[in-house]
Amino acid sequence: MLTNSLQSLDVAHHIHPITNLRRLERQGPIVIDRGQGIYVYDDEGREYIEAMAGLWSVGLGFGEQRLVDAATKQLEKLPYYHVFSQKAHAPSALLAAKLTELAPAGLEHVFFTNSGAEANDSVVKFVWYYNNAIGRPEKKKFLARDGGYHGITVAAGSLTGLQTNQKGFDLPLPFVRHLSRPHFYRAGLPGETEEAFTERLLKELEDTILAEGPETVAAFIGEPVMGAGGVLVPPKGYWAGVQEICRKYDVLVVADEVINGFGRLGTMFGCETLGIEPDILVCSKQITSSYQPLAAVLMKDFIYQAMADASEKLGVFGHGYTTGAHPVSTAVALENLAIIEERDLVARSKELGAYMHAGLAKFADHPHVGEIRGIGLIAAVELVADKATKAKFEPFGKVGLRFFDHAHEHGLIVRGIGDSIAFCPPMIITEAEIDEMLRRFKATLDDITAWIAAGMPD
Ligand code: PLP
């Protein structure tokens, strides 16, 4: 039922991403009007705790005046300029330098894009360009994982391993091979230990490289902790093994830190938490707390040097976006990173993350809670039909969708991933706010439990 004219206008004219468009037409959107701290308010004044920080992204929460001031100052001084063909401006130069200082060792060069998907599309092109430059034009395939999310443009959408983003779009393109997701709770075999599960996944990786031919496999891409695929923290030894195999066959390691980056896991980058030394790192979202669109691709010197040589040979490095490295976005990012450092939000994310996980652990005995997972300020609670057998609800996803809808009535915005409920609150959240978030979660869970007991009516 559409209750106000803004909703009607939106439904009539605005195509929403990652949405069931017919369901949206029937129900209308919730119109979010303003935000402050961890809260957002709809156009009828209802308050919600934004337990997903928007799309895993508003690290500093809403209403951070210093970011508004940084944007305003830059808009007044130089609202736009590009960085094509030997132009530069201060905010993007300073930000590139800052990112290389914060990033894992050896990532010395930075390319800016507007979005995470564009960044991952750029990675595919950079890896191809690099391999062409060093005389290996056949080394072009990418390895990615089922459940991985890398965006929705044609190449990035091919790296993504979620059918929802591929069905109907003729994706993935054939340059990608998807491997199993590292989710022991769901994919571990009966009686299999976590170590044996990890070994099995690593064997799959090596077997795939050998079957494809190492001379054709260019790169492995993965999120240190998988986000949209269900907040999956890989088992111990997984990433170390992946790296070892990739190095053995000269396969580049690409860390997609679009969600993990800038403190989410309790370290500046997820690579530190998981012990990854990537050749390429992609970041976005919390780089500006999403106050402005921005993403970055960081790479090691040997890749850059080959690309630079090729650009001279070919006459130009023929890749770039009109609004990539936007001065307002990069100025906001610099201020955002300064605030993260000044307020020690990375350490705080670790501390508050432990507090959130202790609070979530209290739900472990609930008859429909199968697994609680995560690290730092990111978590998921997987709801199951049968705790003992881990059986999923039928149809899968109905509970997650209902939970997502119903949470709104309790003033909570979470995300349903299948039947898992994800949390990724702004990193400025306090202990008292975590308590309130979990109180609203419990109220929703109680209602959903009663609805399940009633046979999950439509
Ligand atoms: N990579 C990861 C890990 C993401 O989670 C996302 C978005 O959620 C992307 C890439 C794509 O970013 P964007 O939506 O900015 O294109």
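A residue counts as near a molecule or strand if its C-beta atom, placed from the backbone, lies within 6 Å of it. With that cut-off in mind, select the ligand and its shell: there are 15 residues around the ligand, and Ser115, Gly116, Ala117, Gly151 and Val258 come nearest. This is a predicted model, in which local features need pLDDT of at least 70 and side-chain atom pairs count only at pLDDT 80 or more, while totals for chains, interfaces and linings use all residues. Residues are numbered from 1 along each chain as its sequence is written.

Stay with the ligand and colour its shell by residue class, which gives six nonpolar, seven polar and two charged residues; here Ala, Val, Leu, Ile, Met, Phe, Trp, Tyr, Cys and Pro are nonpolar, Asp, Glu, Lys and Arg are charged, and the others, Gly among them, are polar. Then select helix H6, residues 116-133, which gives the most to this shell, with three residues. Helices (H or I, at least four residues) and strands (E, at least two) are DSSP runs, numbered from the N terminus.

Leaving aside neighbours within four places in sequence, the contacts of Pro224 include Ala255, Glu257, Cys271 and Ile276, a contact being two C-beta atoms, placed from the backbone, within 7 Å. The C-alpha atoms of Pro224 and Ile276 are separated by 7.9 Å, although these residues are 52 apart along the chain.

Now turn to the backbone torsions. Most residues other than glycine have a negative phi, and most peptide bonds are trans. Select Phe262, in the loop between strand E8 (252-256) and helix H11 (270-274), where phi is positive, near 70 degrees; Phe262 counts as buried, since it has 30 C-beta neighbours inside 10 Å. Gln86, in the loop between helix H4 (65-77) and helix H5 (90-102), also has a positive phi, of about 65 degrees, but counts as exposed, with 5 C-beta neighbours inside 10 Å.

Finish at the cis peptide bonds: one joins Leu171 and Pro172, with omega about 5 degrees, and another runs from Glu394 to Pro395, with omega near -10 degrees. Pro172 sits in the loop between helix H7 (154-159) and strand E6 (176-179), whereas Pro395 lies in the loop between strand E12 (379-383) and helix H15 (398-409).

How values were computed
Buried ≥ 20, exposed ≤ 12 C-beta atoms within 10 Å, placed from the backbone.
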